Amino acid sequence: MGEVLVRLKATGICHTDKSFVAGGIPAPVPMVMGHEGAGVVEEVGEGAQSVVGDHVVLSIVASCGTCYQCSLGNRSICEVGAVMSPGGLMLDGTTRLTKDQEDLHSLLCQSSLAEYAVVPATSAVAFDNEIPFQIASLLACGAGTGFGAVTNRTVVFPGASAVVIGCGGVGLSSIMALRVQGATTIIGIDPSAEARALAEKVGATHTIDPTATRALREIGALTDGRGADFAYDAAGVEGSTMLGFQAVRPGGDVVTIGIADATTEVTVDLYSLLMQKRLSGTFAGSLRPQIDIPGALALYKQGRLPLDLLITETVGLDDAPRLLDPDVHLPAGRAVVLFD
């Protein structure tokens, strides 16, 4: 299975990195963090289609291309990648990383908080050299997940109403995608004033502080008492998916995107299901990397997907451990590590 060696130029710091470090998501150790990388292809392995010198995004969708799910087009839940990638291994069940003869696990077949990464060629998506690496890196996970949750998991119609719970990098990207798709009432929910301000900047028509008001009452008032057509849970904390489920109208769609703790359980009432509410989830926005990432970057170049607004802090690699500390609060939007 073809692989490529990539020299990293930028890597986003994602809340998922922090969840792994804090133990909210189980992970084998030792493991090298980082899964929002972009860089330059330096070497190409046998069977890979990439070209040395290509600028590439390192998508977290690691797929074999031949299993049952891949044959259905569901590359984000590849039967091989869904087992090996979260388990810290490459698609062939081994690792490419060592230290003092000890194997190191690879986060989501990437581990891009390093100067170099070996990744499956199917995960390395070439992009226009005019696009900055830090912008492209956002689509490796966070922005790609939020964008894909809207464009791949729901059919948003012009004039639709939507609720986005959690206005970090994923939720903000969902808001951008909703605006592109023609939604006219976009409600961002977050306790952080900084996050709410950024949500309005990228396209939210309204924002709600759930700690200061009754969110469901506010959503009802903004949707003529009907409830929203769509809800996207980008927070993935206790009660957030249930809030989304309660916030949509009968026949509405709810998509769970984020996860802070893998042990969190979701309970919904049967009557709402009988009222044809639909609850689903997505990993990595159900992306088809080679199709959806170039599509999102094309929208960025057209000025319709303002990904640059997501970057609120840039640091060097030496400062990454500080941002991964569970006790350190990440900025709204995205912090990005720049390598040179």
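This is a predicted model: local features need pLDDT of at least 70, side-chain atom pairs count only at pLDDT 80 or more; totals for chains, interfaces and linings use all residues.
## Strands that pair

Two strands count as paired if DSSP finds at least two bridges between them.

S2 and S6 belong to an open sheet of three strands, ordered S2-S6-S5, with mixed pairing. Its edges are strand S2 (31–32) and strand S5 (97–99), each of which pairs on one side only.

Next comes strand S3 (residues 37–44), which pairs with strand S1 (residues 3–13) in the antiparallel sense over seven bridges. Here Leu-8 stands opposite Gly-39 in S3.

S3 also pairs with strand S4 (residues 55–58), again in the antiparallel sense, over four bridges. In this case Ala-38 faces Val-57 of S4.

S10 has parallel partners in strand S9 (residues 161–165), through five bridges, and in strand S11 (residues 206–208), through three bridges. Val-163 stands opposite Ile-187 in S10, and Gly-188 stands opposite Thr-207 in S11.

## The cavity

How many cavities of 30 Å³ or more does the structure hold? There is one, and the volume of the largest cavity is about 50 Å³. Its lining includes Met-90, Arg-96, Leu-97 and Ser-106.

Among the lining residues are Tyr-116, Ala-117 and Val-118. By class, the lining has five nonpolar, three polar and one charged residues.

## Salt bridges

Side chains of opposite charge can pair when their charged atoms come close. A search of the whole structure finds twelve salt bridges. In one of them, the side chains of Glu-36 and Arg-334 meet at 2.9 Å, N to O. This pair links distant parts of the chain: Glu-36 lies in the loop between S2 and S3 and Arg-334 in strand S16 (residues 334–338), 298 residues apart. Are these two residues buried or exposed? Both Glu-36 and Arg-334 are buried.

Lys-301 forms a salt bridge with Asp-128, with the closest N and O atoms 2.6 Å apart. This pair also links distant parts of the chain, 173 residues apart: Lys-301 sits in helix H11 (residues 289–301) and Asp-128 in the loop between strand S8 (124–126) and helix H4 (133–137). Lys-301 has a relative accessible area of 46%, so it counts as partly exposed. Asp-128, with 32%, is partly exposed as well. Arg-322 and Asp-319 also meet in a salt bridge, at 2.8 Å, N to O. Arg-322 is partly exposed at 36% relative accessibility, and Asp-319 is partly exposed at 27%. Finally, salt bridges that share partners join Glu-3, Asp-92 and Arg-96 into one network, and Arg-96 is also among the residues that line the largest cavity.

Notes
Residues are numbered from 1 along each chain as its sequence is written. Side-chain values use heavy atoms; hydrogens and water are left out. Helices (H or I, at least four residues) and strands (E, at least two) are DSSP runs, numbered from the N terminus. On a 1 Å grid over the protein atoms alone, a cavity is a set of points where a 1.4 Å probe fits but cannot get out, and a pocket is an open set with protein on both sides within 12 Å along at least five of seven lines; lining residues have an atom within 4 Å of a point. Grid points are joined across faces, edges and corners, and a volume is the space filled by probe spheres set on the points. Ala, Val, Leu, Ile, Met, Phe, Trp, Tyr, Cys and Pro count as nonpolar, Asp, Glu, Lys and Arg as charged, and the others, Gly among them, as polar. A salt bridge is a side-chain nitrogen of Lys or Arg within 4 Å of a carboxyl oxygen of Asp or Glu. Buried means under 20% relative accessible area, exposed over 50%, partly exposed in between (1.4 Å probe, protein chains only).
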